[in-house]
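Please examine the structure shown below before reading the briefing. The points that follow are grouped by topic.

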Amino acid sequence: MSAIRTRGARASASGVATVPLRLLLSRLDQDQADLDRARALLAEGERLQHSDPREAFELVHRAALRGAGVIAARANRARRRRLPLNVWDALARLGGADADRAEQAAPMVAERERLDRAPGARPDPQLLTEHLRLTAAHLDQVAARLVEELPAPLAELTAE
């Protein structure tokens, strides 16, 4: 029995309820749209890195939040008890590589808070560069996870 269905949730051979194909594709579309928006924010932040570093930092941070949000939203779909609304807390609770990402983001979160408190302040150039690098890498990882977590027949379609 196939684990992918076009109508209604049904149990797979393992007894685990499967997600209807239409719902699975809708969720994938939403996740991909969020990821695309994050990449657009990152690209704009990278473009502004030297001319307007403060705005660049904000855009990169928003991109990081969106990328983390994709992971948190996907995890919430499979959980009975929802994760915290703060995406960094949510990632920390997920553990593993997600918790590592939350830990990497901590200095960037602190820098963003500092910038919010001091309207004339400029971001630390090294932190901005690091934020760009880490966020780009994380968005690539999120994109890979979107495909990895698809049922095999759908994942094969993305490789073509």
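**Helix 3 and helix 4**

In this predicted model, the axes of helix 3 (residues 87–94) and helix 4 (residues 96–117) come within 6 Å and cross at roughly 145 degrees. The crossing of these two helices is left-handed. The contact between helix 3 and helix 4 is made up of 8 nonpolar, 1 polar and 2 charged residues.

**Residues at the helix 3 and helix 4 contact**

- On the side of helix 3, the residues that take part are Trp88, Leu91, Ala92 and Leu94.
- On the side of helix 4, their partners are Gly96, Asp98, Ala99, Arg101, Ala102, Ala105 and Val109.
- Ala99, which lies in helix 4, touches Leu91 and Ala92 when residues up to four places away in sequence are not counted.
- Ala99 and Asp89 are 10 residues apart along the chain, and their C-alpha atoms are separated by 8.5 Å.

**The buried side of helix 3**

- Val87, Trp88, Ala90 and Leu91 are the buried residues of helix 3.
- These residues lie on the same side of helix 3 because they cover an arc of only 160 degrees around its axis.
- The cover over the buried residues of helix 3 includes helix 2 (53–77) and helix 4.

**His131 in helix 5**

- His131 belongs to helix 5, which spans residues 125–148.
- Is His131 buried or exposed? His131 has a relative accessible area of 0% and therefore counts as buried, since buried means under 20% relative accessible area.
- Leaving aside neighbours within four places in sequence, His131 is in contact with Phe57, Val60, His61, Ala64 and Met108.

**The chain as a whole**

- The protein chain has 6 helices and 0 strands.
- Read from the N terminus on, its elements follow the order α-α-α-α-α-α.
- The protein chain has 160 residues, of which 36% count as buried.
- Considering contacts between residues at least 6 apart in sequence, 54% join residues at least 24 apart.
- The protein chain exposes about 9600 Å², and carbon and sulfur atoms supply 51% of that area.

Terms used. Residues numbered from 1 in each chain as written. Predicted model: local features only at pLDDT ≥ 70, side-chain atom pairs only at ≥ 80, totals over all residues. Heavy atoms only, no water. Helix = DSSP H or I, 4+ residues; strand = E, 2+ residues; numbered from the N terminus. Buried < 20%, exposed > 50% of the residue type's maximum accessible area, 1.4 Å probe, protein only. Contact = heavy atoms within 4.5 Å. Axes fitted to C-alpha atoms, helices over the stretch in contact; angles between N-to-C directions. Left-handed = near helix turned anticlockwise from the far one by under 90°. Nonpolar A, V, L, I, M, F, W, Y, C, P; charged D, E, K, R; others polar. Areas by Shrake-Rupley, 256 points an atom, 1.4 Å probe, with all protein chains shown as cover. Arc of directions from axis to C-beta.
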